[in-house]
Amino acid sequence: MSTNDSKSRPDVIARHLVDVPRSGIRDFFEIVNSMQDVISLGIGEPDFDTPWHIREATIFAIERGATSYTSNLGLLKLRRAIADYVERTFALRYDAEQEILITVGVSEALDLAIRALCNPGDEIMYHEPCYVSYAPLIQFAHGIPVSVPTSSDHEFRVTRKALESRVTPKTKALLLNYPNNPTGAALTTKDAQDIADFVQENDLILITDEIYAELTYDRAHVSPASLPGMRERTIFLHGFSKAWAMTGFRAGYACAPPELTDAMMKIHQYTMLCAPSPSQEAALEALTDPEQDIADMKASYLKRRNFLLNSFREMGLSCFEPHGAFYAFPSIRDTGLSAQEFAMGLLDQEKVACVPGTAFGPSGEGFVRCSYATALDELKEAVQRMAAFLNRLK
Amino acid sequence: MDELLSILKENALESPDNIAKMLNISVDEVRKRIAEYEKRGIIKGYQALVNVDALNINRVTALIEVKVSPEREGGFNRIANRIGKFPEVQSIYLISGDFDLLLFVVGADLKEVAFFVSEKLATIEGVQATASHFMLKTYKHHGVLMEAQDEYERLKVTP
């Protein structure tokens with residue numbers, strides 16, 4: 001059906017879908033894409049190539065014939081490798097046979113988790129600023145997204161007080177993402193404990209998207225799922241996109257008690273059938289020596305993070321120290337511009353793209369997201385241009 | 001390896017100011033540590049990585065395996081250092097296997113290198129045998145691929 005037809009019949013598109021706004025980042029993308037010579041700090045994926053041994057193993061797997069369906073849950077050998085990795089890294093043990101589901105990236109896992117839990121009218125809480133898909137996915141599942149604002153005063157870590165102010169008898173689950181996109185915030189052990197207490201006291205399910213878990217700096221990652229009493233009420237989501245630079249493989253997974261995994265699996269088997277088999281083979285290879293793959297990239301991110309923070313400081317842009325992911329979230333309030341105006345001005349005058357914080361929720365006003373998953377030479381040029389832009393504003 | 005050295009190994013021209021920002025230390029501290037590394041002989045020098053193939057000059061490089069008889073005192077060291085005095089010799093390594101030393105030798109052309117091997121190298125006392133391999137093309141040098149690879153296009157803004 002062409003666009004014209006649907007325009008002439010406004011009831012064609014499902015109403016709950018029409019109500020969901022288009023991602024703000026999409027509009028920004030169109031503008032950036034139409035320009036030449038832009039330095040982009042707006043990319044939410046690693047600038048590294050997937051480690052060669054992973055690519056090579058994937059090619060070999062395809063040659064060997066890894067081109068057919070796999071079990072709905074995913075290859076058992078991969079689920080076993082994941083069970084070991086998750087235990088080693090997160091101090092959480094899941095049964096490979098019935099508690100792990102391989103998905104098409106964490107994006108699919110998140111959709112499954114929400115749909116598995118949500119009855120129409122159920123409330124799902126999530127903290128914002130946050131990844132762009134959270135509220136829409138809840139709406140697609142006929143749930144009610146309830147945002148919990150976070151602020152720079154608490155380094156964008158969600159507080160117990162803020163959670164308590166938004167919980168109602170209809171709240172079904174809390175959706176969490178630390179280390180966080182877009183702020184780079186990471187939880188302390190105390191934060192994780194506060195969240196665990198809150199979730200248990202209110203009898204909620206926790207959905208925790210820990211896709212950036214490996215990328216923390218001077219702060220060890222703590223999964224709230226690993227705290228006492230949490231495993232049985234948590235859907236733990238992880239994948240290979242960020243730490244292994246494998247975004248295009250779309251390889252992720254959900255770990256949860258059998259009942260929850262079964263429910264997610266029911267949707268997955270009818271909608272996706274299975275994650276692509278070459279990507280599952282790639283994921284398996286990624287788990288052969290993960291610590292080494294990740295260490296080199298992490299060392300590089302750390303240097304770039306420090307470079308960016310120190311450069312912001314030098315140009316008079318205040319920024320809390322992000323302890324995770326590969327984003328810095330400087331405040332641009334002192335310029336008197338809105339996040340949107342700042343990002344547009346910087347793009348227009350200096351051809352540097354960073355994403356306005358408001359693309360990630362209203363609490364992002366006054367901030368812009370700068371990704372340091374960007375080559376050092378580009379970062380150097382970008383900060384010079386940003387300084388020039390700020391100087392003109394003074 | 002110290003992060004400071006990894007940065008310089010990747011880009012010897014990186015400014016002390018940028019290095020300071022990357023490592024969260026002062027510029028003075030960066031200068032001090034570089035000076036120390038130079039003094040201790042850990043940093044032996046700084047060179048440009050030149051893609052010689054792209055220059056239109058007469059130059060050949062040969063990889064030469066050398067079999068030598070080790071000496072009672074000093075093993076291979078004395079003879080290796082002696083060979084190293086020739087400016088034609090770019091690098092020398094002690095290796096395992098059928099041969100003992102591996103040399104990288106440069107010359108204007110094949111004849112010049114052949115002359116060096118037969119007249120200078122092979123005549124050194126203790127050199128038993130040599131095998132020369134002339135290099136035809138450089139694909140990767142010091143961790144850098146010489147020919148620009150096509151970049152796979154990535155999105156400029158993603159959530």
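Domain bounds in these legends come from an automatic or database domain assignment. The model is predicted, so local features need pLDDT of at least 70 and side-chain atom pairs count only at pLDDT 80 or more, while totals for chains, interfaces and linings use all residues. Residues are numbered from 1 along each chain as its sequence is written, with chains lettered from A and ligands numbered from 1 in the order in which they are written.

View 1. Chain A is assigned a domain 1 made of 3–49 + 292–393 and a domain 2 covering 64–289. Taken over C-alpha atoms, their centres are 24 Å apart. Contacts here join residues whose C-beta atoms, placed from the backbone, lie within 7 Å; by that test, 36 residues of domain 1 of chain A meet 36 residues of domain 2 of chain A. On the domain 1 side, helix H12 (290–315) and strand E9 (327–328) of chain A each give two or more residues, and H12(A) has the largest share, eight residues. Helices (H or I, at least four residues) and strands (E, at least two) are DSSP runs, numbered from the N terminus.

**View 2. Chain A meets chain B.** This contact takes 22 residues from chain A and eleven from chain B. Helix H3 (24–33) and H12 of chain A are the elements that give two or more residues to the chain A side. That side has eleven nonpolar, eight polar and three charged residues. Ala, Val, Leu, Ile, Met, Phe, Trp, Tyr, Cys and Pro count as nonpolar, Asp, Glu, Lys and Arg as charged, and the others, Gly among them, as polar.

View 3. Look for the bond from A:Tyr178 to A:Pro179, which is cis with omega near -10°. The bond from A:Asn181 to A:Pro182 is cis too, with omega near 20°. A:Pro179 lies in the loop between strand E5 (171–176) and helix H9 (189–201) of chain A, and A:Pro182 is found in the loop between E5 and H9 as well.

View 4. A:His142, with phi near 65°, sits in the loop between helix H7 (134–140) and strand E4 (144–149) of chain A. A:His142 counts as partly exposed because it has 13 C-beta neighbours inside 10 Å. On this scale, 20 or more other C-beta atoms within 10 Å means buried, 12 or fewer exposed, and in between partly exposed, with C-beta atoms placed from the backbone. A:Lys351 has phi near 55°.

Notes:
Two residues are in contact if their C-beta atoms, placed from the backbone, lie within 7 Å.
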